[in-house]
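Dear colleague,

Please find the structure below, handed over for your use. My notes on what was found in it follow directly after.

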Amino acid sequence: MFFKAVEENIELSNRDDGTEPLLPSMPTQRTFDYVLVANKVDDEQKSLRQDAFIEQLKKKNIAVTMISHHDKVFFGLRAPSDMFEDYQYLLKVSDSCNCCGDVNGAVPQTTRIRIVHFILHQTFINTGENLEELLKKDVFETMFCLHEKKEQEELRKKWARWTALFNRQPFDAIKSYFGEKVALYYLWLTWYTKLLVPAAILGVVVFLYGLAFFNTNPLINEVCHSNITMCPRCDKKCKAWQLSDSCTYAKVTHLFDNEGTVAFAMYMAIWATLFLELWKRHRANHVSQWKVYDWSEEEEELIVEIVNDPDCNPKQFRHSYLQSTLVLILLTLMLMLIIGLAHALVVFRVIAAPLMSESKWEFLSEHANLVAVMLGAVLHYVTIQIMTRVNRWVSLKLCEIEKLNSLAATERSFTVKMFTFQFFTLFSSLFYVAFFLGRINGHPGNYVRIAGVRLEECHPSGCMTDLFIQMAVIMLLKQTLNNIVEFTGPWLKRLVNKRSSKKLERKCGRCYRKSCRDEDGRFEPCDICKLRDWLRNYHLVKSDAFSLFNEFLEIVIQFSFTTIFVAAFPLAPLLALINNIFEIRLDAIKMVHLEQRLVPKKTNDIGVWTELLEIIGVLAVIANGLVIGVTSDFIPRLVYRYRYGPCAKGFTHTDCMEGYINDTLSTAFMDPSNSDIFIDPSERHSFNVTLCSYRDYRSVEDHSLTSQFWLVLAVRFAFVILFEHVLVLCKFIAAWFIPDNSTRVNNERLHDKLTRLKKELRDRKRSRSTDV
């Protein structure tokens, strides 16, 4: 309360209403641009390196304030004003950055932090080591930029609190404090969340449509009241079972595999395109207001390089076919490893199902396949968590091999590699379930086997439920557990470290009036106040370049789940919507309260993520077309209704789908004494056999594929081709119909350019008249 009162008094002292201020007028406190932290060391070599690095900073006219505290040494850094004047001048004469608002007036703290951050990493000591290498060798412990308490509190009130859950995002305030890159992340996430609302509503409608006919659907009734005996699901101790035992499974399948699913998948494919096109317009409106529409990150990097070292040499563009070949080979090997792990999950499911069918627990033995699917999904989630760390390390190493000439290019390359690895890690297993499960397992008497164990097969009700279970488990676990871990870790650390700063806060409160002024009475925090502020930031969770990248990656992966296999899980947009409403607030609270301040970055787009989202949109069309055409039973049901069903044969007194389940089953001949032995159809009369059914279109005589199989296959391919061509055409029309920029943005940019050119001409004429 004391500090709040003092801040209010300082504000009152600047009022021009004739009232007597409570405190003398004082200039605004100058904050430090960066803080370096080192451990007090007895090692002479480390101590010499610390001194050498600080000396190099001083040679660049960076003011260094050193304060010791217990076993730590803090170095507060302030860059000189002429450094930022040079930066502003170079912006003004640049090709792409001269329309920025930073060209004139006071340099904002975000720009100061960004420039000093770059200079720190481009400062080398006489051994050739830079700060990154010194941090790895424990010469310095860490580095961070400081939160500005007043602005931080304003963001907390407007944004970073749970009571503001449904409030409008203050994008301009976020941009002013965290930079354009963070602001664009929240702008994109908010836009994505808003557009999820109609998708989530329609997904729920599709789900309720399936629920409405839960008890009256003829296909469900046919399964639930069937007396058909099905062939064993696995070898050894698996026994023949009754189709009616899978009544619940058939009901769940119908919820996610009905006529509404097709329309919903088409809608989501077009939705992905509309989302991206409308986002481009939305982004253009804001970056135009922020004066960064034509901003070039690579050009600003050159400017800051010159500010750091006027005699610097340009980084040459390089290309090595040998390096590119090596990166391509390593990339391929990594993808093969990831796909190999997906195969390992398949083997796990294949082996786990028969083992659990032998269990003494009745529940496990009766639901062995279902439990194997769920365990496989959980194991897949664990694999994702482990491989995420491996993928990051490999991506960084591949970028080091490439040796790109700019930080922006390196970031783009890393993003593409990391996303590719993560995509294959998450979706390899799903692609197997969607397109290969039950299609390569053979038939009774000729099953395909891995290590002597036969492959699993689809349920008579279809493979959609297996795909739904995989997606539901991964989405729920990934989103829920990730959010819990992301928030509780920083929150607990802040709680533990809060007590250690109480003592310094009390000391700072006692010294504020006397010690926080210099000899001329100007406001300058004393060492205790500085240390209190530095420790408060030091104890927060460390943030780095990966902090924002991880948030982007998490949401883009979620976007992939929401669009690519949405035909199997119509509730995915609803889960994504609920998650994002809380995700926005969790991220805001983390960034403002629990994490060290992110280095503000100036940009005009979300970068290569836009191209990745467009690729996902194309994959969504292909995958959903294949899911509906190949995985679901939509096409077989359609063929049966109009070619083989009662209505096609002229029987109008019955339901058109009556007899469909029986039509999809073929018959095998099983040895009654050993369910693992199947009798060849041509020899069935010579043995005592038991009939059992399995899901396929095969003849009773020789297990050959029937004409119905080939008709269904032809219609499947025709549907996939038609579906994808129609949707791709719709995507192109939508992209053409919605321009990337609104007319307002184009007119504003034209006006700004015209105004700037007129000003330059007036200044030139004024300068010429002065010379005369």
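The largest cavity is lined by Met 475, Lys 478, Gln 479, Glu 554, Ile 557, Gln 558 and Phe 561. Here a cavity is a set of points, on a 1 Å grid over the protein atoms alone, where a 1.4 Å probe fits but cannot get out, and lining residues have an atom within 4 Å of a point. This is a predicted model, in which local features need pLDDT of at least 70, side-chain atom pairs count only at pLDDT 80 or more, and totals for chains, interfaces and linings use all residues. Residues are numbered from 1 along each chain as its sequence is written, and side-chain values use heavy atoms, with hydrogens and water left out.

The volume of the largest cavity is about 60 Å³, a volume being the space filled by probe spheres set on the points, with grid points joined across faces, edges and corners. By this rule there are four cavities of 30 Å³ or more. Two helices, α17 (464–498) and α20 (545–564), each supply at least two residues of the lining of the largest cavity; helices (H or I, at least four residues) and strands (E, at least two) are DSSP runs, numbered from the N terminus. The most is given by α20, with four residues. By class, this lining has three nonpolar, two polar and two charged residues, where Ala, Val, Leu, Ile, Met, Phe, Trp, Tyr, Cys and Pro count as nonpolar, Asp, Glu, Lys and Arg as charged, and the others, Gly among them, as polar.

Turning to the sheet, four strands form an open sheet in the order β2-β3-β1-β4, with antiparallel pairing; two strands pair if DSSP finds at least two bridges between them. Its edge strands, β2 (63–69) and β4 (142–144), each pair on one side only. Strands β1 (residues 34–39) and β3 (residues 72–78) pair in the antiparallel sense over six bridges, and Tyr 34 has Leu 77 as its bridge partner in β3.

Helix α4 (residues 109–121) packs on the sheet and touches β1, β3 and β4, contact meaning heavy atoms within 4.5 Å. The direction of α4 makes about 40° with that of β1; axes are lines fitted to C-alpha atoms, for helices over the stretch in contact, and angles run from 0 to 180 degrees between N-to-C directions. Helix α19 (residues 527–538) also packs on the sheet, touching β1, β2, β3 and β4, and its direction makes about 80° with that of β2.

A search of the whole structure finds 24 salt bridges (a side-chain nitrogen of Lys or Arg within 4 Å of a carboxyl oxygen of Asp or Glu). One of them joins Glu 129 and Arg 49, with the closest N and O atoms 3.0 Å apart. Glu 129 lies in the loop between α4 and α5 (131–136) and Arg 49 in helix α2 (residues 44–59), so the pair ties together parts that are 80 residues apart in sequence.

Kind regards

Conventions:
On a 1 Å grid over the protein atoms alone, a cavity is a set of points where a 1.4 Å probe fits but cannot get out, and a pocket is an open set with protein on both sides within 12 Å along at least five of seven lines; lining residues have an atom within 4 Å of a point.
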